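Open the model in your viewer and keep a selection tool at hand.

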Amino acid sequence: MSTARERILEATGELLATKDALAISTRAICDRAKVGAPEIYRQFGDKQGLLTAVADIGFERFLAEKRQNPLTEDPVADLRTAWDSHVAFALRNPYLYRLMFTPTGDAKPQAIKEAQAILLKAVERCRDAGRLLMAPELAGRSILSANVGVCMMALSFPELFGDPAVSPAVRDAVIGTVTGDEREDDRLDTATVLAQALVGTLTGTAPVTGTALDDLTRALRPPSIGPSDFGPSDLGPSDPGPSGIGPSDPGPLDLGPSDLRPSD
């Protein structure tokens, strides 16, 4: 049979699944736990003491998930995995997460120190692999601060910061800064430029301007090949140039935006 303390903690946790801690009354907790109001004060001192105890339980769950994060041969990739699992926990437990990371009063969950310690070990693996640009302690605090910030903004202002693309963008920027492993943004590739130009032209939403043609021309033009790309044995005095083009050959046509516009 559960104790009064266990029932109170369980009742508070269940209420936190659907509403913010500030919106939960002691009466609602007592009704759900089937205890009198004095029992809360006897067990926890006051409501804030109860909420701190619930936050501690939340951290136990949070840290248990952290310990289950897989370790691979790539410590930087493992940092990204840890970031993503942190965000996933926050989105699954929005009110509990907010209680855990925005404590009020003097009593604060002490488990945050263990969360820091777990992250510090992950960062030290990056250092040991030669993939860290700053002190591990600073790197760990920077990553955790940014991770919590992304979660809190997504939970508090979902209409502005709830886009699923926000977290990976901040993650890669922060982890890239502390490790030097910055990912190249290849989302705006040739296919994207071409698709945007075609859709805009066909729908009339983006008129064909000189700037648009310049962008499209640059995206579709193959990379230039200069003499430095060939060794002496590749180009003799009488040999044709790259791709079989000789000195007398005018070479491929290089059409700029002005050549693509209709003549008057």
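What covers the buried residues of α2? The cover includes α1 (4-16), α3 (37-44) and α4 (47-67). Bear in mind throughout that this is a predicted model.

**Stop 1: helix α2**

Select residues 26-33, which make up helix α2, and pick out its buried residues: Ile29, Cys30 and Ala33. Viewed down the axis of α2, these buried residues fall within an arc of 95°, so they line one face of the helix. Now turn to the other side of α2, where Arg27 and Asp31 are exposed. Step past the end of the helix to Lys34, which follows α2 and has a positive phi, near 60°.

**Stop 2: helices α5 and α6**

Next, select α5 (residues 75-92) together with α6 (residues 94-101). Two packed helices are described by the angle between their axes and the distance between the axes. Here the axes come within 5 Å and cross at roughly 115°; α5 and α6 are therefore roughly perpendicular to each other. To see the contact, show the side chains of His86, Phe89, Ala90, Leu91 and Arg92 on α5, and those of Pro94, Leu96, Tyr97, Met100 and Phe101 on α6. Sorted by class, this contact has eight nonpolar residues, one polar and one charged.

**Stop 3: the aromatic rings**

How many aromatic pairs are there? The count comes to six. Start with Phe59 and Phe62, an edge-to-face pair at 6.1 Å centre to centre with 90° between the planes. Both belong to helix α4, and being three residues apart they are separated by about one helical turn. Phe59 and Phe62 are both buried.

Phe62 lies in α4 and Phe89 in α5, so the pair ties together parts that are 27 residues apart in sequence. Phe89 is buried, as is Phe62.

**Stop 4: Val178**

Finish in helix α10 (residues 166-179), where Val178 is found. Is Val178 buried or exposed? Its relative accessible area is 3%, under the 20% cut-off, so Val178 is buried. Leaving aside neighbours within four places in sequence, Val178 is in contact with Leu132, Leu133, Met134, Ala139 and Ile143. For a distance check, select Pro136: Val178 and Pro136 are 42 residues apart in sequence and 9.0 Å apart in space, C-alpha to C-alpha.

Conventions:
Residues are numbered from 1 along each chain as its sequence is written. This is a predicted model: local features need pLDDT of at least 70, side-chain atom pairs count only at pLDDT 80 or more; totals for chains, interfaces and linings use all residues. Side-chain values use heavy atoms; hydrogens and water are left out. Buried means under 20% relative accessible area, exposed over 50%, partly exposed in between (1.4 Å probe, protein chains only). Helices (H or I, at least four residues) and strands (E, at least two) are DSSP runs, numbered from the N terminus. The arc is that of the directions from the helix axis to the C-beta atoms. Contact means heavy atoms within 4.5 Å. Axes are lines fitted to C-alpha atoms, for helices over the stretch in contact, and angles run from 0 to 180 degrees between N-to-C directions. Angles under 35 degrees count as roughly parallel, over 145 as roughly antiparallel, 65 to 115 as roughly perpendicular and the rest as oblique. Ala, Val, Leu, Ile, Met, Phe, Trp, Tyr, Cys and Pro count as nonpolar, Asp, Glu, Lys and Arg as charged, and the others, Gly among them, as polar. Rings of Phe, Tyr and Trp (its six-membered ring) pair if their centres lie within 6.5 Å; planes under 30 degrees apart count as stacked, over 60 as edge-to-face and the rest as tilted.
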